[in-house]
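Me: I've got a model open and want to talk through its pockets, rings and cores. Can you take me through them?

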Amino acid sequence: GPKDILGQLDRRGYVALLKSLGAKVLLDKMHIALPSTKDLENVLDTDHNRSISLEELQEGLMRLRGSRVNLIGLDLQCRLFRNFWSATAAMWQAESSSKTASRRATQRLSDRIDGMEINAINELEAEPNFRREQQLSELQGVFDHLDKLRESLEALNSLNQQCQCQEEMSPLSP
C-alpha cells in the first residue's frame with residue numbers, strides 16, 4: 001500500500017489494510033465495526049494530516065469498538081464531521097471567489113481612473129493654447145476627484161494586503 005516518508009502506511013494504506021478479509025475477521029472477533037472508507041479515514045486520522053500514526057490507529061480502533069448503538073453514534077459524528085468540512089471548504093471557496101472579484105474590481109477601477117485622466121488630458125491638449133488655461137482650471141476639479149479616487153483605491157489595496165497577511169498567520173487557513 002501507499003507509504004509515507006517514514007515507511008509507515010498513509011491513511012489510505014491503513015484503511016485498505018483494515019478492510020482486508022483477514023483484518024475484518026479479527027476486527028469482528030474484537031467487536032470492532034468499521035464505518036465507510038471515508039469515515040474510517042476521518043475517524044483514524046484525527047489531526048487530519050493525511051497520515052495515521054500508530055497512536056491514532058490505536059485510539060481510532062478503540063473508538064470503533066462496541067455495540068451497534070455506538071456505531072450509529074459514530075456514524076452521526078462522521079456525518080457531522082463531513083458536513084463541517086464541506087461547509088468549511090465552501091466558505092474557503094466563497095472567500096477565495098470574493099477576493100478574486102475584489103481584486104478584479106479594484107483593477108477595473110484603477111483602469112477607469114487612468115482612462116478618465118487620459119481623456120481629460122487629451123481634451124486639454126486638443127484645445128487651442130489660449131483656451132488651455134481656462135480648460136485646465138475647469139478640469140482641475142476632475143483631477144482632484146481622480147486623485148481622491150486613487151487615494152481610496154490605495155487604501156483599499158492596503159486593506160486587502162493587511163487581510164492577506166492576517167490570513168497567512170491564521171491557523172485556520174487552508
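Me: Let's begin with Phe 84: what does 48% relative accessibility make it count as?
Reply: Buried means under 20% relative accessible area and exposed means over 50%, with partly exposed in between (1.4 Å probe, protein chains only). Phe 84 has 48% relative accessibility, so it counts as partly exposed.

Me: And Trp 85, at 34%?
Reply: Trp 85 has 34% relative accessibility. That is why Trp 85 counts as partly exposed.

Me: Before we go on, what are the ground rules for this model?
Reply: It's a predicted model, where local features need pLDDT of at least 70 and side-chain atom pairs count only at pLDDT 80 or more, while totals for chains, interfaces and linings use all residues. Residues are numbered from 1 along each chain as its sequence is written, and side-chain values use heavy atoms, with hydrogens and water left out.

Me: How do the rings of Phe 84 and Trp 85 pair up?
Reply: Rings of Phe, Tyr and Trp (its six-membered ring) pair if their centres lie within 6.5 Å; planes under 30 degrees apart are stacked, over 60 edge-to-face, and the rest tilted. The structure holds 3 aromatic pairs. In the one formed by Phe 84 and Trp 85, the centres are 5.0 Å apart with 80° between the planes, which is edge-to-face.

Me: Which residues do ring pairs link into a cluster?
Reply: Phe 84 and Trp 85 both belong to the cluster. The ring pairs link Phe 81, Phe 84, Trp 85 and Trp 92.

Me: Which element gives the largest share of the lining of the largest pocket?
Reply: A pocket here is an open set of points on a 1 Å grid over the protein atoms alone, where a 1.4 Å probe fits, with protein on both sides within 12 Å along at least five of seven lines; lining residues have an atom within 4 Å of a point. Helices are DSSP runs (H or I, at least four residues), numbered from the N terminus. α3 (37–44) and α5 (68–126) each supply at least two lining residues. The largest share, 7 residues, comes from α5.

Me: Which residues have the most contacts inside the largest nonpolar core?
Reply: A nonpolar core is a set of buried Ala, Val, Leu, Ile, Met, Phe, Trp, Tyr and Cys residues joined through side-chain atoms within 4.5 Å. The largest one has 14 residues, and α1 (11–19), α3, α4 (54–64) and α5 each give two or more. Those with the most contacts inside it are Leu 18, Leu 40, Leu 44, Leu 57, Leu 61 and Leu 64.
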